[in-house]
Each structure stands twice: as C-alpha cells, then as structure tokens.
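Let's walk through this structure together, one part at a time. Please keep the view open as you read.

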Amino acid sequence: MKQRKISKTNVVNFSTYLGMVIFFLVMTALSKAGVLNRSMTGLLVPICCYMSMAVSLNLTVGILGELSLGHAGFMSVGAFAGVIASQSLLDVVPSAGLRLTIAMIVGALFATVAGFIVGAPVLRLQGDYLAIVTLAFGEIIKELVTCLIVGHDENGLHILFNLTGNKTVEDLGLSDTGIAIIKGAQGTASVKTIASFTAGFILVMVTLFIVLNLKHSRAGRAIMALRDNRIATSSIGINTTKYKLMAFVTSAALAGAAGALYGLNYSSLQAAKFNFNTSILVLVFVVLGGLGNIWGSLVAAAALTILPEALREFADYRMLVYAIVLILVMLATHNPTLQSFFARLKPGKKEEKEAA
Amino acid sequence: MEFLSYLISGISLGSIYAIIALGYTMVYGIAKMLNFAHGDIIMIGGYVSFCSMYYLNLPPIVATLLAVIACTVLGIVIERLAYAPLRSAPSLAVLITAIGVSYFLQNSALLIWKAAAKTYPPVVAGAVQLFNGQLTISYISLLTIAACIVIMLALTTFVSKSKMGKAMRACSEDKGAAQLMGINVNSTISATFAIGSALAAIAGVLLCSFNTSLMPTTGSMPGIKAFTAAVFGGIGSIPGAFLGGLLLGIIEALAKAYISTQLANSIVFAVLIVVLLVKPAGLLGKIVPEKV
C-alpha cells in the first residue's frame, strides 16, 4: 500500500488547530471545575480576541511584510459597528448566539470597508512611511468614533456627529423606548454582554482557517513573494497592488470580527481603549511570536495577556516587570552573541525560538 | 488679531515639536530605528527639571542643565544596554525593544512620581503686550521659538561642519564603509543618541512650561506627533524636521481654534496622509531610487 506523505507545513497547520482545540477544552474544563479564579475566567474572551488580532496582524506584518501601527483602528470599527448591530437587533433577534454572529459579521464588513479606504491609497507607500500613515489612520478612527452619538428606537437608528463636543444623547430625539448605544467619548453604554468563550474559540478557528489557507494558496505565495522582493514579483506579472490590498483588507476584516466580539464582552467600552498602545500591544504579540509564524502569534497573545495578571502579586511593579521581560526576551531571541550561545547548548540541532 | 495670537501659539507649539523631531530624525537617520522611547525621555527631562526646581529650589537654567545631563546619560545608557546588542537584528525587533524601554520609563516614573499630575511652574513667567494689549505673547513662547531656531542652526552647522557630524553622515549612509574608513561606528551612534536625548530634555522643559502640567504619560502624544512631524518633513532631514514640526504645530493650533477641538489631532494626521500621498518621502525628503 502506498503511504501518503504528509508535508511539514500540513503537520504544523494541524498541530496549530489541534493546539487551539486542546487549549479550548482544557480551559473550559478548568473553568467548569472552578479551578480558574474570576479574573482568569474574565480573560478568556479577551485572549481569544487578541489571538485573532495577532494572527490577522501577522498576515500584514509577517506575511505581507508591511509594518502596520493602526490595527486597533480596525478593531475599533468592528467593535462599535458590532455593538450597534447587536443593540439594535435586541428585539428582532432574541437568540444571543445568532445576534453575536450577526454582530461579528457586521463588524467584519465595516472593518473591510475601512480597510479598503485606508489600504487603497496607503499601500502605495513603503516601509516606515506606511507605518506612520497606518498610525495616523488609527488615531483618526479613534477620534471619529469619540465624536459619534448613536441611539436606537422603533423608528430605527439615530446617528449624530458631535463635531463641536457639546451635544449629548438628548439631542438624538429618541422616543421613550429608545436606547442610547454610543455616547460619544463615554463610549458604549449598558451593552448586553453576549460574548462567550465558545464564540471566541470559533472566531480564532475561523481566523486560523482563513489565514492559513490564504498563506498556502496561490495568492498567499504571491503575497510572500511580494514581501521578499517587490520588484522581482512585479516583473513576473503579479499584480502587486491587488495582492497587497487582499492581505491588508483580509487582515482588517478579521480584526473587525475580533473587535465585535471584544465590544460585546463589556457592558461599557470607550473608543480611547483602541488607541496606539493597543495597536502596539498586538504588534508585540506578532513580533514575539515570530514574524509569519501563526502558532507563535497564538502562544504569544495568550502568554502576554495572562502575564500582567500572573504578575498581580508584584502589584505596582507588574508593568515594570512586564517591560523588563519584554526587553530581555527581545535581547535573548535576537542578539547574535546569545543566539550562538544557545546554539552551542544544543549541538546538531537548530536552535528553537522562544515563543514568549 | 485673534488669528495672529492663534498663529503664535501654533508656532511655539510647533517649535517644541520641531525640537523633539530634530532628535528623532537624527536618531532615525543614523540607527534606522523608530525610537518610541524618545517621548518618554522628554517626560523624564520634565520630571528632573521639576524636581530640581521644586525640591532643591534651583534656578530654572540650572534645572534645565541638570535635565539635559540626566537625559543625555539616560540616552547613552539605553542605547548601550537595549539597542546596541540588537544592531544586526531585524528593525522590528529593535522597535519592540524600544517599546519595552518606553513602558519601562513610563512605569518607573509612575512608581517614583505617582500618577497624579504635577503643576509645572513655567521656567519664564510674564508676557509682552503688543498693539495696546490686543495681542499677548508670553515670554515662554518667545523663548521656545528662539530656542528652536538656535538649536536648528547649531545642529545644521554641527552636522555639516564638524568631524563628528561628518562621521554621523557617513554612518547614516553606509555603516560598513564608514567603519572601513576608520570611523568608530559605536561611539558615533552613542553620540547621536546623546544629542537626541539632550534635545528631548530641552523639549521636555519647554513642553511642560507650555502645558504647565506634568504626568508620566506627558511625553507619549508629543512623541508621536514629533515622529509624525519628522516624517512630514522627510525623515532623516534636519531642515525637514524643523519645517514639519512648525507646520504641524500651526495646523494643530488653527484646527483647534477654527474647526473642532475634538478632531484637531485627526486633522493634523489627515494633512500628513495627504502630503505623504503626494510626496511619498515627505516635504524635504529625497526619494532614493531602488537598485535592482
């Protein structure tokens, strides 16, 4: 009988999926058994959101090779679009699961549009210039959302753009049964929190499925060729703009879905949450996990989301310790002297990268 | 008259951005890294000068000098400990390390000086009245503008005329070739960080005098803005950073006054995006053709 040979890529992919399934099962079992404390259980959904964010950003930074500093902007678009969708459909769609799905799809759609608007002009730029423009877009999206006041009643959605900063929810003219959804700088208000760890798990699996399949498709190879040498790629007739945009918009859409889940995990959320620091946080996951390394992003996202919580006993010092750990890990994984030292420890074996 | 006063406040804010951006652009030009910790060095400079004025009752000029010395030392130490070991690593790794350093500085400041904002006494008080008191210009604005122009001119002369400046230009062009010509690349990079951090300290004193408040996060937004200014003018170019900083400050002040306070930053960033789309290397940057 002829045995089918399984390629190394497939093994890595399957172990990534399998690892995620195991993580889900173990965490569910632990929280059912009551081993996890409350703060840990509260972290499960954010961990899934950040995993999804990290994998999607890895598509832009690791696979496409363009530095993006505004990934939180797309998350923000997804979060607020998703919350609006979910809150307006409260009476129409009673099932929480279905509403969450709709919210995540709406979030992804809006983020796709935002990704397209940002990506189409911006991807003509390169390197640090592209990075600064994505940073700028992230900040612009944050400020625009801060100006939004949205409410819903039986007449439909009421949207107000608060340019001068002196309008409030009263100016929307909602009827008595109406609810305010976004109150400008105060963010979303009294959202029905319908996010669950299962939904988060499904989101991460879908994200993995999309990104891994894209990476190993014809389009993915074109994208990676672009990263390695743009001129050579365009010289063999590959449409560089199309593939750049494809990677960028896919990444934005996935971030939007993650944002919707994140937004529906909290009863109140401000636009200021999705600032430059959040973009950087996700970038740290990607770089620590290894550029282009999908499972690395997953591990780094989970580990670094838990780390500040695990460092709780250091109280005031925890962010300081976090910073030191970050610097030391970067030095340990990228310093040539240390790398050759590690390589010598394991003779004949390629030294393994520390994920986190 | 109203317009003129907004314009002047814009120019003095822009001068602060320009001073920070000059440091940013020098470091970028030579180390080819986005130093995200630059904004936090500004904050440290602010705190050092605040402490020496408030607790030690030193005159402002001595306080500024102390801040400059402290930040210069800090800049060199950071470069040696965190950035130098990563010189051959991919630029993203250095970027993340810089972010780590930035978190470190911010949280150290949080532990030492606590989160509450401190009221910063301006280093120079008073204002000059023009046109029968219709236009008031504070001395601190004038001082900021003057300091910015002096620093820009001094830096341009230093980089184009002195031996160290020549070494810096050589290193930013090609590190390997510079080393072969007998230039000590490591000490040149250290010197660049020292200059950048000294400028950040001066900017810190001026910024805190301008805002009259000081917090551990004081430096982050001006840091990002100054980075934007440096890119706006063409990163790596000294006159570019000056021009970019000034324009950014003016746009921000006018947008705040006439369009919307809430969206002022967005307008600044939108202008940046439009400029970069038209001139992809910034206002005064050179487009370097890619060799195939």
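Two strands count as paired if DSSP finds at least two bridges between them. With that in hand, we can look at a sheet in this predicted model. Strand β1 of chain A, residues 148-153, is joined to β2(A) by six bridges, and the two run antiparallel. Within this pair, A:H152 lies opposite A:L157 of β2(A). In general, strands of a sheet pair through backbone hydrogen bonds, in either a parallel or an antiparallel way.

Now widen the view to the whole sheet. It is open and has three strands in the order β2-β1-β3 of chain A, with antiparallel pairing. Because β2 (156-161) and β3 (179-183) of chain A each have a single partner strand, they stand at the edges, and one side of each has no neighbour in the sheet. From one strand to the next, the twist averages 15 degrees. Helix α3 of chain A, residues 71-88, packs on this sheet and touches β1, β2 and β3 of chain A. The direction of α3(A) makes about 175 degrees with that of β3(A).

Next, find two other helices of chain A. How do the axes of α4 (residues 96-122) and α9 (residues 240-263) of chain A cross? They come within 7 Å and cross at roughly 145 degrees, and the crossing is right-handed. On the α4(A) side, the residues that meet α9(A) include A:G107, A:A111 and A:G115; on the α9(A) side, A:A252, A:G256 and A:A260 are among them. The residues of this contact divide into 17 nonpolar, six polar and no charged.

Finally, turn to where the chains touch. Here 38 residues of chain B are in contact with 36 residues of chain A. On the chain B side, the elements giving two or more residues are α4 (91-113), α9 (220-233) and α11 (264-278) of chain B. Which of them provides the largest share? That is α4(B), with 12 residues. This side of chain B divides into 26 nonpolar residues, 11 polar and one charged.

Methods. Residues numbered from 1 in each chain as written. Chains lettered and ligands numbered in written order. Predicted model: local features only at pLDDT ≥ 70, side-chain atom pairs only at ≥ 80, totals over all residues. Contact = placed C-beta atoms within 7 Å. Helix = DSSP H or I, 4+ residues; strand = E, 2+ residues; numbered from the N terminus. Nonpolar A, V, L, I, M, F, W, Y, C, P; charged D, E, K, R; others polar. Axes fitted to C-alpha atoms, helices over the stretch in contact; angles between N-to-C directions. Left-handed = near helix turned anticlockwise from the far one by under 90°.
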